[in-house]
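Subject: The structure, and what turned up in it

Hi,

Here is the structure I promised to pass on.

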Amino acid sequence: MSAIEAKLAELGVTLPDMGAAPQAKGNYLPFVTVGEMVYVSGQISQNDDGLVTGVLGDDFSIEQGVEAAKLCAIALLTQLKIACDGDIDRLVRVVKLTGFVNSTPDFIQQPQVINGASDFLVAALGDKGRHARAAVSAASLPLGVAVEIEAIFQIR
């Protein structure tokens, strides 16, 4: 088990098998590697029960949004593991996250929601998990999900 996966296990998280990772639902790739950079397409909030849907500021609480963002971060790490041919310890650092929150026009706590991903990545990766970030509102997201996050990683 890799050092990163051991730390994830301490946090109660096991990355899905590489064959079980979410697949692209259109004419795009789940990730693209250019040199030492891995660009991971937006990962939507979903768990073993299916899609995590909701609208922040309406039928979905900030706590639920934080958990949805954490689920996106786990999916991002899964795609990263695949990009690294199974050796996620090739990670040098998380460079940037862009988080989209399905929210009402008057909802202004997008940063607190995306903290669910940011805090999880720092807990799992330490300083490698610290990153630049954007957290923005979206009038709707694919399939009605609560959160979608894309990422840029540096690997060796």
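**Notes on the sheet and its helices**

Gln154 is found in strand E7. This is a predicted model, in which local features need pLDDT of at least 70, side-chain atom pairs count only at pLDDT 80 or more, and totals for chains, interfaces and linings use all residues. Residues are numbered from 1 along each chain as its sequence is written, and side-chain values use heavy atoms, with hydrogens and water left out. Helices (H or I, at least four residues) and strands (E, at least two) are DSSP runs, numbered from the N terminus.

Let me stay with Gln154 for a moment. Gln154 counts as buried because its relative accessibility is 18%; buried means under 20% relative accessible area, exposed over 50%, and partly exposed in between (1.4 Å probe, protein chains only). Not counting residues up to four places away in sequence, Gln154 touches Glu36, Met37, Arg90, Leu91, Val92, Arg93 and Val95, where contact means heavy atoms within 4.5 Å. Met37 is also the residue whose bridge partner in E7 is Gln154.

Now for the strand itself. E7 is mostly covered, with seven of its nine residues buried. Strand E7 (residues 147-155) runs antiparallel to strand E2 (residues 37-44), and six bridges join them; two strands pair if DSSP finds at least two bridges between them. In this pairing, Val40 stands opposite Ala151 in E7. E5 also pairs with E7 in the antiparallel sense, over nine bridges, and Phe100 stands opposite Glu148 in E7.

Zooming out, the open sheet has five strands in the order E1-E2-E7-E5-E6, with mixed pairing. Its edge strands, each pairing on one side only, are E1 (31-34) and E6 (132-138). From one strand to the next, the twist averages 15°.

What lies across the sheet? Helix H2 (residues 62-83) lies across E1, E2, strand E5 (91-102) and E7, at about 35° to E7. Angles run from 0 to 180 degrees between N-to-C directions, with axes being lines fitted to C-alpha atoms, for helices over the stretch in contact. Helix H3 (residues 110-125) packs on the sheet too, touching E5, E6 and E7, and its direction makes about 160° with that of E5.

H3 bends by about 35° at Gly116, the bend being the angle between axes fitted to the seven residues ending there and the seven starting there. Among the buried residues of H3 are Gly116, Ala117 and Phe120. The buried residues of H3 pack against helix H1 (3-10), H2, E5, E6 and E7. After H3 comes Gly126, whose phi is positive, near 65°.

Finally, the core. In the largest nonpolar core, which has 39 residues, those touching the most other members are Leu77, Leu80, Phe120, Val147, Ile149 and Phe153. A nonpolar core is a set of buried Ala, Val, Leu, Ile, Met, Phe, Trp, Tyr and Cys residues joined through side-chain atoms within 4.5 Å. H2 gives the largest share of this core, 10 residues. Leaving aside neighbours within four places in sequence, the contacts of Ile149 include Ser41, Ala69, Leu97 and Ile114.

Happy browsing!
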